[in-house]
Amino acid sequence: MTTVLTEPAAAPTRPLRRRTATASPRRRRIILHTMQVLMVVTALSTWEFGTRSGAVSSFLFGSPSAVWHVLQTRAISGQLWSDIGVTSMEVILGFLIGAVGGSVLGLLLWYSQFVADLTSPFIAAIGSIPVLAVAPLTIIWFGTEMTSKVVIVAFSCVVVSLTTSYRGARRTDPDLINLMKSFGATRSQIFRKLVVPSAMSWVVSGLKLNIGFALVGAIVGEYISSDAGVGHMILLGSSNFTISLVIAGIAIVMVMVLVFNLLVSALERFLGHWERS
Amino acid sequence: MTQRLEVVGIDKHYATPHGVSRVLRGLTLHADRGEFVSIVGPSGCGKSTLFNIITGLVEPTAGSIRVNGIDVTGTTSEHIGYVLQKDLLFPWRTVLENVILGLEVRGTSKKEARERARQLFAAYKLEGYEDNYPADLSGGMRQRAALMRTMVTDPDIILMDEAYKALDYPLKIALEGELLETARATGKTVVAVTHDIEEAVTMSDRVYILKAHPGEIIDELDVDLGTTSTDINERRLAPRFNEFYEKIWRGIEQRADVA
């Protein structure tokens, strides 16, 4: 008799507890995103109200509305787009030469262990040079125009891409190489049909790492000498103490990194389509 | 008459910091058309080295490999195909693209290669999976695809190295049966390197028994189970199965005691 009485009392509590403990992945994602948006909104509004009330110096810290205003006026005047255009062009060209070129070179090093061993200390030495240290030199050699920035961007990408893609190429499964050999494959067939595709995930991870380095390279180049670009915009803002302009520039850099990341991620998905078909 | 495969007086030494390590000594064996030959031995008998020497991926210290009477020592031969325990499928290629890899490398046009490969899919129970990626396939299907990749190049000799070791028992038996049937139907020579005595007895017409350190042939045995069936279970239940199993087992064990 007692068991009959206790059962209905215990039953409703169990499903309730389970529901709170494990939210569905979709629910969890929605909660996460909502909270993230709330955090940004809170930070921005605290900042805005802080500067309006005078608790935070708007001269030193700008304000979200002032940053927005700067972005708006520069967008209307077209200045914003030309700055973004110049920096994007430097990043894209430099990235293509440095990161893509470096990846190709790294893969090609697979052909010769001798050349790879011969050049490895020099590659490491070049890789150890901070981009900031060579930037003035490239301005002297290549002028203050876009070329010098493209060179700086390429320089900051090349070694990382070269070493990651070489490492990827070297990691090719020797059993797969033997299989190709057993079919009588030439070295160039092994390279094209096996080494390159199997190293692709390494190449892409090198490219991903380099997005950040490329942007740093372009901004550093523009800091040293420039008359346009997002780095120029930031420099201009800080030398005039127009903090909102500086912060607007930083925001644009963040957006640019985001966009480039999305592009490389799309490339990664395209190349790795076989992983999750 | 020349044999399909002749392995003559193979020695293999490796230089190590402690002197010369002798892996294989005076290995001589052969396999004829339509024959299923197993090479059985304990670990350390140099099976994989022998395998790589026959495929031409490793050069022997002495001796020669002849295929259809032609010396192919140290070079890969288009008459030899192999299947390993690892299926070695390229994950970025579809099953069909994997199957035609060998043809592609040898310069067959893609169109012709695809046509030749497509005809095999039904026989290997992979119809409908042509455009899937290996990641979508089960272990057994992947091994079938790997065997197809070898068979489509039409080699005279198929070398197997523990190809079905990683598969579960019913699947292993099914694939072994399929292999026997294919080999019989096409007159292929199969040379299997294994330490699985049961498999060797079930599948082989002839078995070579190796000892280790250095790898040397200590016995050669004709296996006649008295049945022509390709059904593995039927072969395994043949009256003489145990007799051959014991002979090989004792052959290996005896030597292990001495060593």
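Two strands pair if DSSP finds at least two bridges between them. By that criterion, strand β1 (residues 5–16) of chain B pairs with β2(B) in the antiparallel sense over nine bridges. The structure is a predicted model, in which local features need pLDDT of at least 70, side-chain atom pairs count only at pLDDT 80 or more, and totals for chains, interfaces and linings use all residues. Residues are numbered from 1 along each chain as its sequence is written, while chains are lettered from A and ligands numbered from 1 in the order in which they are written. Helices (H or I, at least four residues) and strands (E, at least two) are DSSP runs, numbered from the N terminus.

**Overall form of chain B**

- The secondary structure of chain B consists of nine helices and ten strands.
- Along the principal axes, the C-alpha atoms of chain B occupy a box of roughly 55 × 45 × 40 Å.
- The radius of gyration of chain B, 19 Å, agrees with the value near 18 Å that a compact globule of 259 residues would have. This radius is taken over C-alpha atoms, and the globule rule is 2.2 Å times the number of residues to the power 0.38.
- Of the 259 residues in chain B, 41% are buried. A residue is buried if 20 or more other C-beta atoms lie within 10 Å of its own, exposed if 12 or fewer, and partly exposed in between, with C-beta atoms placed from the backbone.
- Among the contacts in chain B with a separation of 6 or more, 68% join residues 24 or more positions apart. Two residues are in contact if their C-beta atoms, placed from the backbone, lie within 7 Å.

**Domains of chain B**

- Chain B is divided into domain 1 (5–79 + 158–258) and domain 2 (86–154), with bounds that come from an automatic or database domain assignment.
- The centres of the two domains of chain B, taken over C-alpha atoms, are separated by 26 Å.
- Eight residues of domain 1 of chain B are in contact with five residues of domain 2 of chain B. Helix α6 (residues 169–186) of chain B contributes three residues, the largest share of the domain 1 side.
- That side of domain 1 has seven nonpolar, one polar and no charged residues. In this classification Ala, Val, Leu, Ile, Met, Phe, Trp, Tyr, Cys and Pro count as nonpolar, Asp, Glu, Lys and Arg as charged, and the others, Gly among them, as polar.

- In strand β7 (residues 157–161) of chain B, five of the five residues are buried.
- Both faces of β7(B) are covered, with Ile157(B), Leu159(B) and Asp161(B) buried on one side and Ile158(B) and Met160(B) buried on the other.
- Strand β6 (residues 80–84) of chain B pairs with β7(B) in the parallel sense over five bridges. Val83(B) stands opposite Met160(B) in β7(B).
- Strand β8 (residues 189–194) of chain B also pairs with β7(B) in the parallel sense over five bridges. Here Ile158(B) stands opposite Val190(B) in β8(B).
- From β7(B) the chain passes through α6(B) to β8(B) in a right-handed β-α-β crossover. Right-handed denotes that, with the strands pointing away from the viewer, the path from the first strand over the helix to the second runs clockwise.

**The antiparallel sheet of chain B**

- Four strands of chain B form an open sheet in the order β2-β1-β4-β5, with antiparallel pairing.
- Its edge strands, β2 (19–31) and β5 (70–71) of chain B, each pair on one side only.
- Leu5(B) has Ala31(B) in β2(B) as its bridge partner.

**Backbone features in loops of chain B**

- Most residues other than glycine have a negative phi, and most peptide bonds are trans.
- The peptide bond from His213(B) to Pro214(B) is cis, with omega near -15 degrees. Pro214(B) lies in the loop between β9 (206–211) and β10 (216–222) of chain B.
- His213(B) is also found in the loop between β9 and β10 of chain B, and its phi is positive, near 50 degrees. His213(B) is partly exposed, with 14 other C-beta atoms within 10 Å.
- Asn68(B), in the loop between β4 (62–67) and β5 of chain B, has a positive phi of about 50 degrees. Asn68(B) is partly exposed, with 15 other C-beta atoms within 10 Å.

**Interface between chains A and B**

- The interface brings 15 residues of chain A into contact with 17 residues of chain B.
- On the chain A side, α10 (174–182) and α11 (187–224) each supply at least two residues. The largest share, seven residues, comes from α10(A).
- By class, the chain A side has seven nonpolar, five polar and three charged residues.
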